[in-house]
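Subject: Structure handover, pockets and ligand site

Hello,

The structure we spoke about follows below.

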Amino acid sequence: MRMPLVIGNWKMHGTLGEARVLATALRDGLKRPRGVEVVCCPPFTALAAVAEILGAGPIQLGAQTCHHEAAGAHTGEVSPAMLADLGCRFVLLGHSERRRELGESDGLINRKVGAALAHKLTPVLCVGESAEERRQGLTFTTVEGQLRAGLAGLAGDTLGRIVLAYEPVWAIGTGVTATPGQAAEVHGYLRGLLSELASKEAAQKTRILYGGSVSADNADALVAEPEIDGALVGGAALNAQGFIAIVRKAARVGAAAKE
Ligand code: PEP
């Protein structure tokens, strides 16, 4: 059985003080989460402070992106080695906001995935179609292209170490969520592709998260789908109680559905 995973993406929100308050509330509210793995991804500026607050507790630390080199003349960038040194275990890569706003290409994302793996970080590779692509019936073509390019050249045995996030662009930050059926259909397709690219065993082990306007109100229906192994949560991750409610639902519903 795949352990449900819930990741909070804080995006570009919060002063250091606000990040400390949020991290403290999460640490105190999720002392012993059972049957679920929890990760929070604060902005770079708050990583060290949040790492200190979370300490050796069960909530793990992640970053929202990284550079593809370990070090060098790359002004403004943060390397996977630096993230690992801070205690990060996960890194989001290929988020649609970075693809769209910063022009991150599949090739660049592929290099980042390789670099993250080389530094023992778990890459969370985000894929998803735009509203227009869905309208044109190109959902599978789009996510397949992103997945194949994002994982190109990586050794088959490393593919089992990644997490995938299906995040339809039209659902991110819009309040419109994919239906559990729509999400499960794409997750199943992605798992089939992973089977082909890596192995059936690796594909069965890989967690595929859904992201896009997940809230405490819709989390249960989504994670109840056997193909949906948890959630990548943006806006709702900024509210400690709301995020904790999502984590608890993922733990309960996810475990029950996948027994
Ligand atoms: C995200 O940032 O990955 C995301 C899914 O955001 P939201 O939950 O706000 O739609």
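How many nonpolar, polar and charged residues does the lining of the largest pocket have, by class? There are six nonpolar, seven polar and four charged residues in that lining. Here Ala, Val, Leu, Ile, Met, Phe, Trp, Tyr, Cys and Pro count as nonpolar, Asp, Glu, Lys and Arg as charged, and the others, Gly among them, as polar.

This is a predicted model, in which local features need pLDDT of at least 70 and side-chain atom pairs count only at pLDDT 80 or more, while totals for chains, interfaces and linings use all residues. Residues are numbered from 1 along each chain as its sequence is written, and side-chain values use heavy atoms, with hydrogens and water left out.

Pockets

The largest pocket has a volume of about 510 Å³. Of the 17 residues that line it, Lys11, Met12, Gln64, Arg98 and Leu102 are the closest to its centre. A pocket is an open set of points on a 1 Å grid over the protein atoms alone, with protein on both sides within 12 Å along at least five of seven lines; a cavity is a set where a 1.4 Å probe fits but cannot get out, and lining residues have an atom within 4 Å of a point. Points are joined across faces, edges and corners, and a volume is the space filled by probe spheres set on them.

Helix α4 (residues 96–102; a DSSP run of H or I, at least four residues) gives the most to this lining, with four residues. The largest pocket lies between domain 1 (1–64) and domain 2 (87–217), because both give residues to its lining; the domain bounds come from an automatic or database assignment.

The second largest pocket holds about 220 Å³ of space. It is lined by 20 residues, of which Lys11, Gly173, Ser213, Gly234 and Gly235 are the closest to its centre. Seven of the lining residues are nonpolar, 11 polar and two charged.

Ligand

The ligand is surrounded by 14 residues (a heavy atom within 4 Å), the closest being Lys11, Glu167, Gly173, Ser213 and Gly234. Oxygen atoms of the ligand make polar contacts (N or O pairs within 3.5 Å) with the side chains of Asn9, at 3.1 Å, and His95, at 2.8 Å. A backbone N or O atom of Ser213 is also 2.8 Å from a ligand oxygen. The protein buries 96% of the 300 Å² that the ligand exposes when taken alone (Shrake-Rupley, 1.4 Å probe).

Cavity

There is one cavity of 30 Å³ or more. The largest cavity has a volume of about 40 Å³, and its lining consists of Arg27, Leu30, Leu54, Gly57, Pro58 and Ile59.

Regards

Key:
Helix = DSSP H or I, 4+ residues; strand = E, 2+ residues; numbered from the N terminus. Polar contact = N/O pair within 3.5 Å; in protein donor to acceptor, adjacent residues only side chain to side chain.
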